[in-house]
Amino acid sequence: MPRRILLLGPPGSGKGTQAALISKALGIPHISTGEMLRDAVSAGTELGAKAEALMAAGDFVPDDLVVAIVDERLRQDDAQSGFLLDGFPRNVAQAEALGSSSAPDIGTVILLKVDTDEIVKRLMKRGAEQGRADDNEETVRRRLEIYQAETAPLVEFYGSSVLAVDGIGTIDDVFARVALALSGS
Ligand code: B4P
């Protein structure tokens, strides 16, 4: 089974949710750029100050900042025998930077497929429950547009490494599909 996995999918497709399950099942670290950036905002670091307004508007944080935090994270000991990247790369420039990093060989890319109506429903629900600054309808629509323009081209970039998985259903149903896809790759 591959040990260097990348999770792709639109905002709200369940990347964070599935990543936690995959990471536990395979014993590899879950590396989420969204989580690292939210932590930086909460901690009030220099990176957090730069990221806060961009994230609240649904925009990407500049590539050089995100690439630097991933590069540093991938050098840590626990990432040497595998990792699961969630939310990174987000565009072709980030994918190229990952390809020339110290850990370039991505074995498998899981693409979670979920339609727009379901995404808006999930993120509105999370916005109401958790109050995340970027989970309001206007920002979600913007994140989806950016996904189509910037992130969707990664499916072509990674070509035959991409395994598409239906992301609709219960969390357990989706995880069973992801596990099946990974076991055959
Ligand atoms: P992320 O944290 O990656 O946020 P996201 O795309 O919304 O995905 P998330 O993981 O939160 O949602 P999930 O699908 O798990 O990024 C946030 C922001 O950070 C970006 O907009 C950007 O500004 C910045 N950023 C991050 N990475 C960057 C990068 N590489 N470059 C530049 N900027 C970057 O879950 C959504 C909801 O659905 C949850 O409430 C979950 O409980 C629910 N859910 C999950 N599975 C479900 C299921 N099967 N059924 C029903 N609900 C489900």
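This is a predicted model: local features need pLDDT of at least 70, side-chain atom pairs count only at pLDDT 80 or more; totals for chains, interfaces and linings use all residues.
Entry 1, the elements and the largest pocket. I take helices (H or I, at least four residues) and strands (E, at least two) as DSSP runs, numbered from the N terminus. For the largest pocket I noted a volume of about 1200 Å³. Its lining counts 50 residues, of which Gly12, Lys15, Arg126, Arg132 and Arg143 are the closest to the centre. Sorted by class, the lining of the largest pocket holds 16 nonpolar, 19 polar and 15 charged residues.

I found about 190 Å³ of space in the second largest pocket, and I listed its lining as Arg38, Val41, Ser42, Glu52, Met55, Ala56, Arg132, Ala133 and Asp134. The elements that give two or more residues to this lining are α2 and α3. By class I recorded four nonpolar residues, one polar residue and four charged residues in the lining of the second largest pocket.

Which residues of α2 are buried? I found Thr33, Gly34, Leu37 and Ala40 to be buried in this helix, and they cover an arc of only 125° around the axis, which puts them on the same side of α2. Just after α2 I looked at the backbone of glycine 44, which takes a positive phi of about 70°.

I checked the length of helix α4 (residues 63-74) against its residue count: at 1.5 Å a residue its 12 residues should span 16 Å, and the end C-alpha atoms are 16 Å apart, which agrees. As buried residues of α4 I listed Val66, Ile69, Val70, Arg73 and Leu74. Seen down the axis of α4, these buried residues fall within an arc of 130°, so they line one face of the helix. The face turned away from the buried side of α4 carries the exposed residues Asp64 and Glu72. When I looked up what covers the buried residues of α4, I found that the cover includes β2 (30-32), α2 (33-43), α3 (46-57), β3 (83-86) and α5 (92-99).

Is glutamine 148 buried or exposed? I placed glutamine 148 in helix α7, and at 54% relative accessibility this residue counts as exposed, because the cut-off for that class is over 50%. I also noted that the C-alpha atoms of glutamine 148 and proline 10 are separated by 8.2 Å, although the two residues are 138 residues apart along the chain. Last, I looked at proline 89, which I found in the loop between β3 and α5. A cis peptide bond joins phenylalanine 88 and proline 89, with omega at about -5°.

Notes. Residues are numbered from 1 along each chain as its sequence is written. Side-chain values use heavy atoms; hydrogens and water are left out. The expected span of a helix is 1.5 Å times one less than its number of residues. Buried means under 20% relative accessible area, exposed over 50%, partly exposed in between (1.4 Å probe, protein chains only). The arc is that of the directions from the helix axis to the C-beta atoms. Contact means heavy atoms within 4.5 Å. On a 1 Å grid over the protein atoms alone, a cavity is a set of points where a 1.4 Å probe fits but cannot get out, and a pocket is an open set with protein on both sides within 12 Å along at least five of seven lines; lining residues have an atom within 4 Å of a point. Grid points are joined across faces, edges and corners, and a volume is the space filled by probe spheres set on the points. Ala, Val, Leu, Ile, Met, Phe, Trp, Tyr, Cys and Pro count as nonpolar, Asp, Glu, Lys and Arg as charged, and the others, Gly among them, as polar.
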